[in-house]
Amino acid sequence: MNQNFSPTVRQLRAFVCVHQLRKLSAAAERLYVTQSAVSMLIRQLEEGLGTRLFDRTTRSLQPTAAAEEMLATAERILRDVDSLSAGFRELATLQRGRVCLAITPTLASFLMPSAIRRFGEAHPQVRVLVDDCAPEQFVSRIIGEHVDFGIGTPERPGAAVETETLLRDHLSLVCLRDHPLAGRKAVRWSDLGGHPLITVRPGYGIRPLIDSTARGAGVELNVVNEVSFLSTAIWMTESGMGASIMPSAFAKAVGNPALIIKPIAAPRVSRDIFVVTKPGRSLSMASRSFIETLRLALKER
């Protein structure tokens with residue numbers, strides 16, 4: 001016996017098939033190969049194991065004691081291989097699987113509902129898990145492989161992640177129709193000085209970007225309310241507590257006709273939303289399909 005010999009799946013299939021049918025011709029027909037191919041597979045298996053598996057008679061092949069002893073193991077291995085292959089096929093065809101993604105609660109509230117509903121209708125056997133993390137946890141959830149990917153904007157410059165643009169966006173002023181800046185054709189950062197403003201709390205989410213841009217434009221912002229969630233800023237603005245600074249996509253998703261959304265210029269500040277992944281990590285078929293569903297949902301808005 002060759003100590004380094006490992007039977008192949010093809011050899012085991014030929015062995016089990018010949019054991020069941022007792023004829024090379026019948027086994028060849030079932031396996032969709034030639035009779036000589038089956039004969040060669042059995043011969044290779046016997047040579048590798050160092051023992052005869054079938055005694056040849058004029059009418060059929062009779063299993064030896066060694067063949068009877070190894071039959072159950074060979075059948076179990078083939079069942080496991082077939083089960084593994086079926087599992088891979090199910091994953092590839094989205095008959096089962098899982099999608100796990102990180103996203104902040106604010107983004108999730110207007111990006112996820114329609115995409116998850118559509119994906120669930122198309123692939124009911126695929127489970128979608130949403131990690132609604134804080135902005136400062138977003139990148140670490142992806143790098144630590146707690147999730148498959150993220151949807152959002154990395155806050156840390158030079159973060160060790162890969163990004164692919166999902167949605168183009170920018171910072172805007174959101175205000176009531178009677179606000180002094182509502183009628184302006186364009187709103188500049190320098191125009192914001194002195195107006196009561198609402199935005200997220202210091203060091204959180206978009207706040208560092210807002211503060212640094214305002215400093216660069218030479219304007220001191222009058223922030224009268226600091227919030228953790230943009231949804232809070234929206235209702236505060238609706239209530240007349242001040243205009244809000246936020247990404248335009250969120251404000252547009254709210255769809256309140258009482259609110260005016262004005263892009264802030266000089267400079268125009270991008271706040272694009274990305275698909276964020278860990279370098280070198282491949283996405284599953286389920287994850288890729290979900291991202292495509294999300295893109296389609298965004299296009300139809």
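What share of the contacts in the chain with a separation of 6 or more comes from residues 24 or more positions apart? That share is 73%, where a contact means heavy atoms within 4.5 Å.

Before you click further: this is a predicted model, where local features need pLDDT of at least 70 and side-chain atom pairs count only at pLDDT 80 or more, while totals for chains, interfaces and linings use all residues. Residues are numbered from 1 along each chain as its sequence is written, and side-chain values use heavy atoms, with hydrogens and water left out.

Now show the C-alpha trace: along its principal axes it spans about 105 × 35 × 25 Å. Switch to cartoon for 10 helices and 13 strands (DSSP runs, H or I of at least four residues for helices, E of at least two for strands, numbered from the N terminus).

Next, select Phe15 and Phe54. They form a tilted aromatic pair, 5.8 Å centre to centre with 50° between the planes (ring centres of Phe, Tyr or the six-membered ring of Trp within 6.5 Å; planes under 30 degrees apart are stacked, over 60 edge-to-face, the rest tilted). Phe15 sits in helix H1 (residues 9-21) and Phe54 in strand S1 (residues 54-56), so the pair ties together parts 39 residues apart in sequence.

Last stop: Phe110 and Phe250, an edge-to-face pair at 5.6 Å and 70°. Phe110 is in helix H5 (residues 105-122) and Phe250 in helix H9 (residues 248-254), so this pair links parts 140 residues apart in sequence.
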